[in-house]
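Hello,

Here is the structure I promised to pass on. Please open it first, then read my notes below.

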Amino acid sequence: MKGDRRAFEALLVKYEKPVYNAAYRMLHNREDARDVTQTVFLKVYENLDQYNPAHRFFSWVYRIALNESINWLKRSSRQEALEHETADQGGGPEQQAGDQQLGEGMEAALMMIKSDYRAVIVLKHVLGCSYIEISEVLDIPEKTVKSRLYTARQQLQERLTEQGLH
Amino acid sequence: MAVDPRIIELINADIDGEISSDDKQELEALLAESPEAQAMHAELAGLGTSLNELPDLEPPAHLKHTIMASIPKSEAQQQRNNVIQAIFTSPPMRYAAMFALGSLVTMTLISSDQASNNAFNDVTGLVGTISSEVPVGPGIRSASIDRPEVAGHVTMRSSGPLLILDFDLVSSRPVDIVATYSDQTVWFNGFAQLESPGASISAESGRITMQVEGKRRYALFLHNAGERNVSINLEFQADGEVVYGTAVQFEQSGESGD
């Protein structure tokens, strides 16, 4: 398909939104998510000959998306800044009320857990992947997927509790 | 009391929708016997629901066009674009390119006997580059466009009597940009483009028309002899219909908003 712009455009239409949303949930910044999405699709286009048809196509695209997001965090050193930023935004129980604040609190809490754990949460709850699909995307055993999801949820609960939201 | 790891595994499988019917029955039996497990199930289910309800965001309208425009058309063109792109990203090269552009514009004007204060009509094929490092004068204005047909930014800078309109755009189909101004002391002074072979442009008194298709970076140079306040109206037309209109303004006194 490399060189076939029309076929690539069809892929772009199908995966643009999930890739953008995954990047946004990993980075919590719209501009970064936009840039990462652009990079992901350029990589998809340039590396189509390296795609292994033994795996499902979406898992290859999602793997690139998550790797790019994690690399972006490493390059820009946003991770630490975000952790401090979101930790500062926690506030006390009196500041928190209602579903909207829970949603905002959840977004903040997501940014406070490690990117490896955030990745499994994004794959499960944003992209709707099954255990086996997450295992394929991240190239880790299904058992590790389950344990990471469990740990990620525990950490999210702790962060939400700290913010008085859970 | 700590919850049994087996129950934790079953609870997580249940809220993830990955529990078998046999395991579901086992979980229900275990939950019936353990208030702690029930509380954990309720908590994790609530957490899962909150995560599932995080809103889906729409990607920026122009992102698809930007990506499609970024896909290399051919290796030869890509190599050419990389060289030009390097000019944009390297300040020393940018200054050199700016100087080269000035020379090019001057030579073009002289060779075409149009080195006067009057606008000239045919500048097709004039290629150069633009600089964002020129001394920035007062009254800088910019406009953002985010339409399905065309998206990006237009920025106006000034350097003495020179006004530079920087168009950084991407379009999904051919779009005409019509720039008009009423001040007769302002005249068209040049045009430069990045990675866009064969750009179409026409200039007449008070009106300049360019075409954009795909990803384009243009610079339009206007001479503002009196360094007076100037408003440049911009219309973006697709298939003869105006899809977006805005104005960028140069003001002696300082910046101003739309």
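**Helix packing in chain B**

α1(B) passes α3(B) in a right-handed crossing. A crossing is left-handed if the near helix is turned anticlockwise from the far one by less than a right angle, and right-handed if clockwise. Helices (H or I, at least four residues) and strands (E, at least two) are DSSP runs, numbered from the N terminus.

This is a predicted model: local features need pLDDT of at least 70, side-chain atom pairs count only at pLDDT 80 or more, and totals for chains, interfaces and linings use all residues. Residues are numbered from 1 along each chain as its sequence is written, while chains are lettered from A and ligands numbered from 1 in the order in which they are written.

The angle between α1(B) and α3(B) is about 30°, and their axes are 10 Å apart. Axes are lines fitted to C-alpha atoms, for helices over the stretch in contact, and angles run from 0 to 180 degrees between N-to-C directions. α1(B) brings Ile7(B), Ile11(B), Asn12(B) and Ile15(B) to the contact. Among its partners in α3(B) are Met40(B), His41(B) and Leu44(B). Two residues are in contact if their C-beta atoms, placed from the backbone, lie within 7 Å. This contact has seven nonpolar, three polar and no charged residues. (Ala, Val, Leu, Ile, Met, Phe, Trp, Tyr, Cys and Pro count as nonpolar, Asp, Glu, Lys and Arg as charged, and the others, Gly among them, as polar.)

Now take α2(B). Of its 13 residues, the number buried is one, so α2(B) lies largely in the open. Buried means that 20 or more other C-beta atoms lie within 10 Å of the residue's own; exposed means 12 or fewer, and partly exposed is in between.

**Chain A**

Chain A has eight helices and zero strands. Of its 166 residues, 37% count as buried. Helices α1 (residues 5-27) and α2 (residues 30-46) of chain A pack at an angle of about 140°, with axes 8 Å apart. That makes α1(A) oblique to α2(A). (Under 35 degrees is roughly parallel, over 145 roughly antiparallel, 65 to 115 roughly perpendicular, and the rest oblique.) α1(A) also passes α2(A) in a right-handed crossing.

**Where the chains meet**

How many residues of chain B are in contact with chain A? There are 22, and they touch 31 residues of chain A. α1 (5-15), α3 (35-52) and α4 (63-70) of chain B each give two or more residues to that side. By class, the side has 12 nonpolar, five polar and five charged residues.

Best wishes
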